[in-house]
Structures are given as structure tokens and as C-alpha cells.
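Open the structure in your viewer and keep the sequence panel beside it. The tour goes from one selection to the next and says what is found at each stop.

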Amino acid sequence: MLRLVLLLGLNVGSIAQELCLDDGVPFSQRKYIQADDASNNIPIQALECAWASSALLNELTVMLIREVLGFHADIAPQVGASGASPIYALAGCVDFDHATEKNCGSQETQIHVSVDSWVGSYASAQNNFAKEYPRIAAEDLGSMGYSGEESMYVSQEILHAAYSESGLALDFYKSYFAEGSRIAGIADCYNTTHHDPKRLGC
């Protein structure tokens with residue numbers, strides 16, 4: 001899969017004019033979307049996020065937009081850093097990966113679609129943004145048809161070392177977090193009352 005993603009990434013310019021589908025819409029017959037005043041031809045742009053499956057699936061989406069729907073389409077030049085990136089990028093926020101100053105509402109969006117974006121992990125951020133900017137907030141169109149999972153990983157080596165040295169079971173959540181603590185940031189929530197998991201490299 002990584003090889004396919006790399007090949008797709010290297011051939012973006014040539015793929016725009018060559019057909020992948022036997023009955024695909026050729027480059028010369030594709031349309032642009034228009035600005036409100038019809039003064040500008042705009043290609044549909046897809047936001048790729050910073051993981052391999054996003055690169056692959058956004059390339060495939062762009063190919064389908066070009067060859068099945070018949071529109072000019074490209075991958076946006078800036079890569080989204082996290083699953084929250086599409087929330088702000090699709091709304092036209094200029095600095096969509098900036099922690100606080102995203103500069104939203106000052107321009108028309110240049111990015112129109114993102115797939116395999118994992119935006120569901122940021123449901124509260126998406127809801128808050130939609131309340132603050134109801135006119136420009138993007139719409140989540142739902143699942144692509146497969147499930148994914150995000151989780152933490154601790155190597156067997158660290159698990160065994162922690163248990164051998166101090167009896168600390170790192171496969172149990174209370175070994176990390178203090179009772180009643182708010183999980184605002186890992187550094188604030190280590191269970192230092194009874195253990196010191198950070199000393200073991202976790």
C-alpha cells in the first residue's frame with residue numbers, strides 16, 4: 001500500500017490528464033466550480049491528512065471527481081496535521097492547523113472535500129465550530145463504510161520492565177491517571193500519588 005501511495009504522489013500532475021477509467025471524462029471535457037459571481041474557475045480541492053490511508057483515499061476521490069463527475073480536481077498543497085484539520089480547512093480557515101489563531105471567516109474556502117479524515121474523534125470541536133460559524137461549517141457526510149480504531153501503544157518491553165521493577169501494571173488505566181483527574185494533558189494526569197510511570201519511559 002505504501003508503494004501505491006508513493007506512486008500516486010509522484011504522478012499527480014500526469015494523472016490529471018491521463019484516464020484511469022475506460023469511460024472516464026477526459027481532461028478537456030471537465031468543468032470547474034464557479035465563484036458566486038461566476039468570475040473564477042475553481043478546481044475542487046481535497047485535503048490530504050498526514051497518514052498513508054488519507055493520501056491514498058484522497059487521491060482516489062480526486063480521480064473519481066475528475067473521471068466520473070467530470071470536474072477539475074486536485075489535492076490541496078497543505079497537508080492536514082490531525083483529524084481536526086478538515087473541520088477548519090473545509091470552512092476556509094486560513095491557518096487551519098494553528099492551535100488557536102486559525103483565521104476563520106475571512107475568505108472563501110479553497111478546500112472542498114476530505115476523506116479518511118478521522119474527524120469523528122473531534123466531535124465536540126466540530127459541534128462547537130458549527131455553533132460559532134453555522135454558515136461556513138462543513139458537513140460530515142458519515143462513514144466511508146469501514147471502521148477504524150485509535151489507541152495508545154506501550155511495547156511489551158516497557159510493560160515487562162515496569163512490572164518487574166515496581167509491580168506497576170501499565171495495561172491498566174489507573175496506573176497512568178490519578179483518581180478524579182481531568183485528562184487535559186498527559187503530563188498533568190500521571191498518577192504520581194502512588195506511581196511514577198514516566199520514569200519507565202511511558
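Start by selecting asparagine 58, which is buried, with a relative accessible area of 0%. Buried here means under 20% relative accessible area, exposed means over 50%, and partly exposed is in between, using a 1.4 Å probe and protein chains only. Asparagine 58 sits in helix H3, residues 52-69. Helices (H or I, at least four residues) and strands (E, at least two) are DSSP runs, numbered from the N terminus. Now show what surrounds asparagine 58: leaving aside neighbours within four places in sequence, it is in contact with Ala46, Leu47, Glu48, Ile75, Val113, Ser114 and Val115. Contact means heavy atoms within 4.5 Å.

A note on the model before going on. This is a predicted model, in which local features need pLDDT of at least 70 and side-chain atom pairs count only at pLDDT 80 or more, while totals for chains, interfaces and linings use all residues. Residues are numbered from 1 along each chain as its sequence is written, and side-chain values use heavy atoms, with hydrogens and water left out.

**The whole chain**

Zoom out and colour by secondary structure. The chain has 7 helices and 4 strands, and along the sequence they follow the pattern α-α-β-β-β-α-β-α-α-α-α. Of its 202 residues, 33% count as buried. Among the contacts in the chain with a separation of 6 or more, 59% are between residues 24 or more positions apart. The accessible surface comes to about 13100 Å², and 53% of that belongs to carbon and sulfur atoms. These areas come from the Shrake-Rupley method with a 1.4 Å probe; for residues, only the protein chains shown count as cover.

**The nonpolar cores**

Next, select Leu47, Tyr88, Cys93, Phe96, Ile111 and Phe129. In the largest nonpolar core, which has 16 residues, these touch the most other members. Helix H4 (residues 85-89) gives the most to this core, with 3 residues. A nonpolar core is a set of buried Ala, Val, Leu, Ile, Met, Phe, Trp, Tyr and Cys residues joined through side-chain atoms within 4.5 Å. In soluble globular proteins, nonpolar side chains tend to be buried together.

Stay with cysteine 93. Not counting residues up to four places away in sequence, it touches Tyr88, Lys102, Asn103, Cys104 and Phe129.

**A charged pair**

How many salt bridges does a search of the whole structure find? It finds 1. To see it, select arginine 66 and aspartate 74, whose closest N and O atoms are 3.4 Å apart. A salt bridge is a side-chain nitrogen of Lys or Arg within 4 Å of a carboxyl oxygen of Asp or Glu. Arginine 66 is buried, with a relative accessible area of 3%, whereas aspartate 74 is partly exposed at 31%.

**The loop between H4 and H5**

Move to aspartate 116, in the loop between H4 and helix H5 (123-132). Is aspartate 116 buried or exposed? At 7% relative accessibility, aspartate 116 counts as buried. Aspartate 116 has no salt bridge, and the nearest side chain of opposite charge, arginine 66, is 18 Å away. For this, Lys and Arg count as positive and Asp and Glu as negative; His and the chain ends are not counted.

Not counting residues up to four places away in sequence, aspartate 116 touches Trp51, Ser53, Ser54, Leu57, Met144 and Tyr146.

Check the backbone here too. Phi of aspartate 116 is near 55 degrees, a positive value in a residue other than glycine. Tryptophan 118, in the loop between H4 and H5, has a phi near 60 degrees, also positive in a residue other than glycine.

**Last stop**

Finish at alanine 50, in the loop between strand E3 (44-46) and H3. At 52% relative accessibility, alanine 50 counts as exposed. Not counting residues up to four places away in sequence, alanine 50 touches Val79, Gly80 and Ala81.
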